[in-house]
Amino acid sequence: MDKVRIGVIGCGYWGPNLIRNFSEIQSSEMVAVADLREERLKAIQNLNHDIKVTQNYRDLFDMNLDGVVVATPPKTHYTIARDALEHNLHVMVEKPLTISCHDAEELIELAAKKNRRLMVGHTFVYNGAVRALKNLIHNGDIGKVLYIDSARLSLGLYQPGLNVLWDLSPHDISILLYLLEANPLSVEVFGTSCILENVHDVVHLNLVFPENTLAHIHISWIAPVKIRQITVIGSKKMVVFNDISPIEKIRIYDKGVEPLEYSRTFADWQCSYRQGDVVIPNIHCPEPLRMECQHFIDCITDNVPCMSSGEDGLNVIKIIESAQNALLDGHHEEILL
């Protein structure tokens, strides 16, 4: 089969990583790159003289491509993705898919009408450690999920027209939806603007899922230590996923607490604590972005279902948009039902 011809639109922070991966995948051909900045295009062409470059992304529509990847600022995702779909191209868009539910729904409808694939770059869905964590939950190894705590903190990159909610929370929200296989019933949000007025750089989200499973997300652009960690508390065991750790990304703790059986003594007010072993499973973790890029190629050639489809992107945006509206209105809580 002929190689899938790919173009990348946007080669700023994340674009070069996409270009590298599609260039190295045997079943794809990295054909062209578009970016507004000429110096970026020169840097890409210096690394690979065969890649065509242009400052006008619409030039890619005349290059006989099969698909394009949109890695531009979020506010431009809708317009560029719509143009690509209208030119009958398969499209992968970096997170978030769009910055409004309405725009995301339009892209989903257009992709269906054109019979093209619309995929969103929820990279952590392709992370080997996150998949292992999902298996632990799905197989019942940790019991019923009681609550999940997620922290994504660093001294972040402030960007015009973007707050920490739109920048960081798509990662954690997409992970939660993937792990729990459900959408939340409500979202509660608290945030503040520490550095720039009206630009929220610290946000706390509380999501209530079916069966009263609570998830808390803490995201921040202003923290002294980089933290990328998710803690899952189950009725049987507890698991910590530490994305910063180079090798031991998952630790399973055989710990727990249970109330004692009823009696008429002081023990009525005591609990039984379990302090068991800590297990560090050996997990194969290829580069998540490579897995994501390969999956996009497979979706085009083999017609396999997208693991991070446009609908998945829309579900994430619904939560972010509700949280954003609650932040602006000062209501703190939105019901998503």
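Student: In this predicted model, are Tyr57 and Phe61 buried or exposed?

Tutor: Both Tyr57 and Phe61 are buried.

Student: How many aromatic pairs does a search of the whole structure find, and what is the geometry of the pair that Tyr57 and Phe61 form?

Tutor: The search of the whole structure finds four aromatic pairs. One of them joins Tyr57 to Phe61 in an edge-to-face arrangement, with 5.9 Å from centre to centre and 80 degrees between the planes. Planes over 60 degrees apart count as edge-to-face, which is why the pair receives that name.

Student: Which ring has the charged end of Lys134 over it?

Tutor: It is the ring of Tyr178; the charged end of Lys134 sits 4.6 Å from the centre of that ring.

Student: Which strands pair with β1, and in what sense?

Tutor: Strand β2, residues 28-34, pairs with β1 in the parallel sense over six bridges. Strand β4, residues 67-70, also runs parallel to β1, and four bridges join the two. Ile6 can be followed in both directions: its bridge partner in β2 is Met30, and in β4 it stands opposite Gly67. Arg5, for its part, stands opposite Glu29 in β2.

Student: What is the handedness of the unit that β1, helix α1 and β2 make?

Tutor: The β-α-β unit made by β1, helix α1 (residues 15-24) and β2 is right-handed.

Student: How does β2 pair with strand β3, and by which helix does the chain cross between them?

Tutor: β2 and β3, residues 52-54, pair in the parallel sense over three bridges. Within this pairing, Ala32 stands opposite Lys52 in β3. The chain passes from β2 to β3 through helix α2, residues 38-47, in a β-α-β crossover that is right-handed.

Student: Which residues of helix α3 are buried, and what covers them?

Tutor: Helix α3, residues 77-86, is mostly covered, for seven of its 10 residues are buried. They are His77, Tyr78, Ile80, Ala81, Asp83, Ala84 and Leu85. Their cover includes β1, β4, β5 (90-94) and α4 (101-114). Just after α3, Asn88 takes a positive phi of about 65 degrees.

Student: Where is Thr123 placed, and why does it count as buried?

Tutor: Thr123 is in the loop between β6 (118-121) and α5 (128-138). It counts as buried because its relative accessibility is 11%, and the cut-off for buried is under 20%. Leaving aside neighbours within four places in sequence, Thr123 is in contact with Pro288, Leu289 and Glu292.

Student: Finally, what is a disulfide, and how many does a search of the whole structure find?

Tutor: A disulfide is a covalent bond between the sulfur atoms of two cysteines. The search of the whole structure finds zero disulfides.

How values were computed: Residues numbered from 1 in each chain as written. Predicted model: local features only at pLDDT ≥ 70, side-chain atom pairs only at ≥ 80, totals over all residues. Heavy atoms only, no water. Pairing = 2+ DSSP bridges. Right-handed = clockwise from strand over helix to strand, strands pointing away. Buried < 20%, exposed > 50% of the residue type's maximum accessible area, 1.4 Å probe, protein only. Contact = heavy atoms within 4.5 Å. Disulfide = S-S within 2.5 Å. Phe/Tyr/Trp six-rings, centres within 6.5 Å; stacked < 30°, edge-to-face > 60°. Lys NZ or Arg CZ within 6 Å of the ring centre and 35° of its normal.
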